[in-house]
Amino acid sequence: MGSDVGQRLLEYYPDFMAAEPQRLRHTYPALSLAACEDIAQEAFLRVGSKAAAGGLAADTNVVAYLRRAARNLAVDRSREQRTGRRLVLMGGDSLAAVPEQRAFAEEDPRLVLEDLVLPAIEGMPESLRRQVVDLQSRGLSDPEIVARLGIPAVRLHNLRNKAIAHLRSTLAGHIREGHRKKQQHGKKDR
């Protein structure tokens with residue numbers, strides 16, 4: 001690696017290898033520390049090869065580039081693990097393979113809608129709230145929903161907010177950690 005980018009990569013290598021496996025482990029807890037170390041090493045080798053071949057611009061931020069490469073490899077490895085099968089002891093000495101829990105967050109949004117959201121909406125009690133989110137999930141705009149249900153726009157927003165709160169609590173197990181709504185520190189006095 002004779003280029004300036006290659007030199008910066010070599011200089012950053014010890015810091016990257018000291019910190020990146022732990023970062024990956026924290027972000028992807030399903031991956032072992034050894035797997036995260038392998039991923040960091042592979043990311044460095046791939047980026048180094050690209051730099052040696054002249055594939056990186058001279059002003060490339062090598063730190064960001066390495067971290068992104070490592071993250072992308074970790075995502076791939078996590079997907080491989082998730083879509084694989086896990087062995088679970090099923091009474092006696094027999095083992096059965098069961099699929100990992102589906103990760104809807106990275107799938108096609110239409111599948112999430114069809115597999116999770118629509119059944120949750122159908123499970124709601126019959127009410128205007130249910131009708132609002134049902135119509136919205138089918139692609140109707142606010143003016144179309146207001147016209148169809150014959151309610152004022154302010155009421156529509158109120159019903160939608162309450163329905164979303166209900167669905168959020170119903171689907172809480174499927175919401176990624178960083179995307180969950182923060183809990184309030186006290187109880188409402190209603």
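Predicted model: local features only at pLDDT ≥ 70, side-chain atom pairs only at ≥ 80, totals over all residues.

Analyst: Residues are numbered from 1 along each chain as its sequence is written, and side-chain values use heavy atoms, with hydrogens and water left out.

User: What makes up the secondary structure of the protein chain?

Analyst: The protein chain has seven helices and two strands. Helices (H or I, at least four residues) and strands (E, at least two) are DSSP runs, numbered from the N terminus. The elements follow the order α-α-α-β-β-α-α-α-α from the N terminus on.

User: Why are α5 and α7 called roughly perpendicular to each other?

Analyst: Two packed helices are described by the angle between their axes and the distance between the axes. Axes are lines fitted to C-alpha atoms, for helices over the stretch in contact, and angles run from 0 to 180 degrees between N-to-C directions. Helix α5 (residues 128-137) and helix α7 (residues 153-170) pack at about 90°, with axes 8 Å apart. Angles under 35 degrees count as roughly parallel, over 145 as roughly antiparallel, 65 to 115 as roughly perpendicular and the rest as oblique. The pair α5 and α7 is therefore roughly perpendicular.

User: Which residues of α5 and α7 meet, and how do they divide by class?

Analyst: Contact means heavy atoms within 4.5 Å. On the α5 side, L128, R129, V132, V133 and Q136 meet R155, L156, L159, R160, K162, A163 and L167 of α7. These residues comprise seven nonpolar, one polar and four charged. Here Ala, Val, Leu, Ile, Met, Phe, Trp, Tyr, Cys and Pro count as nonpolar, Asp, Glu, Lys and Arg as charged, and the others, Gly among them, as polar.

User: How do you know that α6 and α7 are roughly perpendicular to each other?

Analyst: The axes of helix α6 (residues 142-149) and α7 cross at roughly 105° and come within 10 Å. The description of α6 and α7 as roughly perpendicular therefore applies. In this contact, D142, I145 and V146 of α6 meet A153, L156, H157 and R160 of α7. The classes are four nonpolar, one polar and two charged residues.

User: Are E20 and E126 buried or exposed?

Analyst: Buried means under 20% relative accessible area, exposed over 50%, and partly exposed in between (1.4 Å probe, protein chains only). E20 has a value of 3% and is therefore buried, whereas E126 is exposed at 63%. R130, at 18%, is buried, while R23 is partly exposed at 33%. Of the 190 residues in the protein chain, buried residues make up 25%.

User: What is called the largest nonpolar core, and which residues have the most contacts inside it?

Analyst: A nonpolar core is a set of buried Ala, Val, Leu, Ile, Met, Phe, Trp, Tyr and Cys residues joined through side-chain atoms within 4.5 Å. The largest such core has 22 residues, and those with the most contacts inside it are L9, F16, L24 and L66. At least two residues of this core come from each of α1, α2 (33-52) and α3 (62-83). A second, separate core has seven residues, including A120, I121, M124 and L167.

User: Why is S78 called buried?

Analyst: S78 has a relative accessibility of 11%, so S78 counts as buried. This residue lies in helix α3. Leaving aside neighbours within four places in sequence, S78 is in contact with Y28 and L31.
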